[in-house]
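Look at the structure below before reading on. The text after it goes through the confidence of the model, then one chain, then a contact between chains.

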Amino acid sequence: MAFFLETLLGGLMSGMLYSLVALGFVLIFKASGVFNFAQGAMVLFAALAMARFSEWIPDWLGMENLFVANLLAFAVAVVVMFVVAWLIERLALRYLVNQEGATLLMATLGIAYVLDGIGQTIFGSDIYKIDVGMPKDPVMMLESVFEGGILINKEDFIAALIAALLVISLSIFFQKTATGRALRAVADDHQAAQSIGIPLDRIWVIVWCVAGITALVAGIIWGSKLGVQFSLSTIALRALPVVILGGLTSVPGAIIGGLIIGVGEKLSEVYLGPYVGGGIEIWFAYMLALVFLLFRPQGLFGEKIIDRV
Amino acid sequence: MFYRENGQFKTSYKADQQAFAIPQDRWAIYAIVAFAFIGVPLLVDEYMFRAILVPFLILSLAALGVNILVGYCGQITLGAGASMAVGAYAAYNFLIRVDGMPALAAILLGGLVAAAAGIVFGAPSLRVRGLYLAVATLAAQFFWDWAFLRIKWFTNNASSGSVSVADISLFGWTISTPTDKYLFSLGILVVFAVMAKNLLRGNMGRQWMAIRDMDVAATVIGIRPMYSKLTAFAVSSFYLGVAGALWGFVNLGSWEPAAFSIDRSLQLLFMVIIGGMGAISGSFFGAAFIVILPIFLNQMLPLVGSLFGLEVSTALVSHVEVIIFGSLIVFFLIVEPHGIARLWATGREKLRLWPFPH
Amino acid sequence: MKLRKLAAAASLVAIGLSGALTTPAFAAEEQFFPLLVYRTGAYAPNGVPWANGFLDYLKLTNARGGVNGVKMIWEECETGYATDRGVECYERLKGKHGGGTAVQPLSTGITFALTEKAPVDKIPVITAGYGRSESQNGAVFGWNFPLVGTYWMGADVLVQHIAKKEGGFDKLKGKKVALVYHDSPYGKEPIALLQERAKMHGFDLSLLPVAHPGVEQKATWLQIRQNKPDYVFLWGWGVMNSTALKEAQATGYPREKMYGVWWAGAEPDVKDVGDGAKGYNALAMQHGAEPDSKVVKEILEKLHAKGQGTGPKEEVGQVLYMRGLISSMLQVEAVRVAQGRYGKGKRITGEQMRWGLENLDLDQKALDGMGLGGVMRPVKTSCLDHMGSAWARIHTWDGKKWNFTSDWYQGDEKVLRPMVMLASAKYAEEKKIKPRTPEDCKK
């Protein structure tokens, strides 16, 4: 029982981490209809920027304080991600408005290549460290209830909290601010939004900026967990089933989807894996998403698409 | 001036409906095929054969398969690599488990098995569409990646999970030199391309295109979406399976599942979209672009660097290579979202009037 | 208009290139090595130090005056750890400068692909510490040289080590060992041997695969937490190793009970885990981190002090750097051996290189002469044994550096030999190869 709970908790926490990446997909798809395969590359790029600047800034300024250095590096990394977002919109997506989904998908793959190349050229391709003071050792809980207690990974726990915070602040941003409302208007209907004077170009830049910031947060959390290096960009593949399970257009969907996938893949690996040789979690996540899709073809929370003839 | 249809009159339905109705096209195709069979082997060195031409031919065949599904039936797939893997491993098993199995038969049987697997994993397309389907096909990709690593029977209990085949032979012709490999792949590619051309002009191809353009309307006029979507998956997977078997038998000789990873699937989709969806020639253009460009860049950049007196490190070369590769893809999509095949078609239209455009 | 501009630009580039191409780069006696390296991609942190060490030794050889006056030349090609790119690189480089002497791909996938091509092109494939374990059998694998270590040998040494810790092989009965491995041919190599050993001694082996690239291992370590194995063997590469250590820390598995293969026992694997990896053990393929060895000092003095070194100075002497260096040294020495038979001061061909590799005999004196005394043990290959030395030891990370913590072990021939013979016989049958006889070797 205790072990089951542990697995469950572990799954929930990895699920939150997937959601972080999935959020980036959803934000961009919602506002511009682009399925952004470059999200993984953006996570890597942001994490590399953060890791390297937190190394360089103390050198340049000659200071020791880790906290200030991290804060400055974060600020610089945010600026970097804004520039990246602006460039992507200005140089590529602006010219691809109204293309088919597949074309846009390929374009973002092209962008992913460019980001990978530039990121490694500027920041190097070694393994780097982000030290934001995340605790690494586990704690035991509920030792009175279960023998041996339940092991909780503090780092994952804090990461999950940060993810939750980010989602809440994004929701407030979307519901309460004028820009957020404009974003939602664009998501609902491009032309109608444009006709009431919402500037599409600027909105798209903003969306990419927001996606850039989620990428940065995801990059910092994953980077401090795993170390920053090239493989970080592959976590996008782990987040894809989350997005389609939750629905491409739903922010809460990304969270719920993440939790379902996280729990599903951990339970399957631990309880089913040993019978079939293990290593099943990645395809199991996709299968799980697929099964859900068969009942709800537009994801759990996605908008129903009505085809008219 | 040279590319004129004036004065070409068709006097029978047969003439009007043939694959290449314009004689210039027909002769050009014959010339290209003849050159590929006779001219290329005389001109090209071993490096070109092994590193560029053979991969190009086999991946063209695979791109053709993806194009049938994506370009003609409108179902996006990210699981093309998996179909290739199924074809390769199935062919391998036929070859070693059945005594006296001819290699060509094993390759074709591998394709059939891939087709069967394609039908199973194509089934979700009946309910799921668009990007959701694309991601759903990844399930097949990851499942087969796993299966070939894990299930020992598929790899004949090889301790490492990688398999290898000896040089194959065809009616007494042992395919071992690069030229043999090239000719063998070319032969299969030509046969399959002609098959595809005819398939797509026929009833089945037209059904697929109807489904692609508007599936509800297609249903109304009596096309069964289930039948035609699944046949598209089957035929596409058959092509991919044969290509996968060739990739293993002819190009690599020994391989592991990583040879057919998700990267391969994305690469194939790239070929189809850059080359041109819904055009057979697009598969060839796309394959050429994706196979040759990185190699070309990789070799050119140090030379370009040395022109300016710069010593370019290997790492920088490959970084710049992916940057340029990525940018070119975006550039092409912006300039011509319908792929190189469309550029070609536009060029052909211009050629009709050239050199007197008015 | 656009087209015309493009054409003009293209022709300009072409003219420039033809100029660059015709620059003659030919001197009398040069020995060419194609270098397949990866300095980008998922495995770059591990590929870079290896490549730097490899290159530095070639440079050092030239600084020492070459091999009997023959200079080493090389060309790098980036494979990115991808098999098809590796094959392309090989095809591109193999014919240059009079032909490649030997090739070392540092990737199990590329090794498998090149194994097919080696007998045709007559270029030996050296895989020091990786590749197929059965390729030790030179009778079947005439062109493969898994010098100094195979995975079966490594796994065997690990089992010997834990047996010693437990106080004898009979004490292993009922113990639980978990193998956490990279889900690829590389990671699966040791399984056959471990299963054999498990049968012999009655320990319980559980297999836990981790999918490429290995950044998600939570479920794996939950299982380890549940099963509480007595030992965990780690067969990873690249980011998978550091992730495994972090997950071990997060689930509270003692690092002292973890043993990595030699590809999971270098600085990039533990560096960003730091103290979290304290107590973690790994196999040392003969050498460990050797900052104090003579050869390292010589490289620092002869190359890095003059700004001719490859990569950063701090890297010289690290584990993977040394691996690259030793791999490079072995091939240079094989050139020397081959020259001894086919003519001193002459360029040798790939076929002659094979003879050199099969008659490698580095005794203690030779090693001392190269500044490698204490770094590794003597190596002696033969036509039938392409490994040459089956010795390894264990080193442990103390939070800052790697220290040796065990004596030398030798892989047990009684276990290894039959397995090698069986597997290579199967390969020979599959590929229709006629094994070489001792008479063939004399040619």
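Over which residues of chain C does pLDDT stay under 50? This is a predicted model, and in it the stretch in question is residues 1-27 of chain C. For these residues the model has 5 contacts beyond four places in sequence. Helix α1 of chain C (residues 2-21) has the lowest mean pLDDT among the elements of that chain, at 46. The highest, 96, belongs to strand β7 of chain C, residues 231-235. Taken over chain C, the mean pLDDT is 88, and 93% of the residues reach 70 or more. The scores of the model are ipTM 0.87 and pTM 0.90.

Chain B comes next. Its secondary structure consists of 14 helices and 4 strands. The C-alpha trace of chain B spans about 70 × 65 × 45 Å along its principal axes. The radius of gyration of chain B is 21 Å, which agrees with the value near 21 Å for a compact globule of 358 residues. Of the 358 residues in chain B, 53% are buried. Among contacts in chain B with a separation of 6 or more, 75% join residues 24 or more positions apart.

Chain B also touches chain C: 26 residues of chain B are in contact with 32 residues of chain C. On the chain B side, the elements giving two or more residues are α3 (46-72), α12 (280-307) and α13 (314-335) of chain B. The most comes from α13(B), with 5 residues. By class, this side of chain B has 13 nonpolar, 11 polar and 2 charged residues.

Technical notes:
Residues are numbered from 1 along each chain as its sequence is written. Chains are lettered from A and ligands numbered from 1 in the order in which they are written. This is a predicted model: local features need pLDDT of at least 70, side-chain atom pairs count only at pLDDT 80 or more; totals for chains, interfaces and linings use all residues. Two residues are in contact if their C-beta atoms, placed from the backbone, lie within 7 Å. Ala, Val, Leu, Ile, Met, Phe, Trp, Tyr, Cys and Pro count as nonpolar, Asp, Glu, Lys and Arg as charged, and the others, Gly among them, as polar. pLDDT is the predictor's confidence in each residue, from 0 to 100. The radius of gyration is taken over C-alpha atoms; the globule rule is 2.2 Å times the number of residues to the power 0.38. A residue is buried if 20 or more other C-beta atoms lie within 10 Å of its own, exposed if 12 or fewer, and partly exposed in between; C-beta atoms are placed from the backbone.
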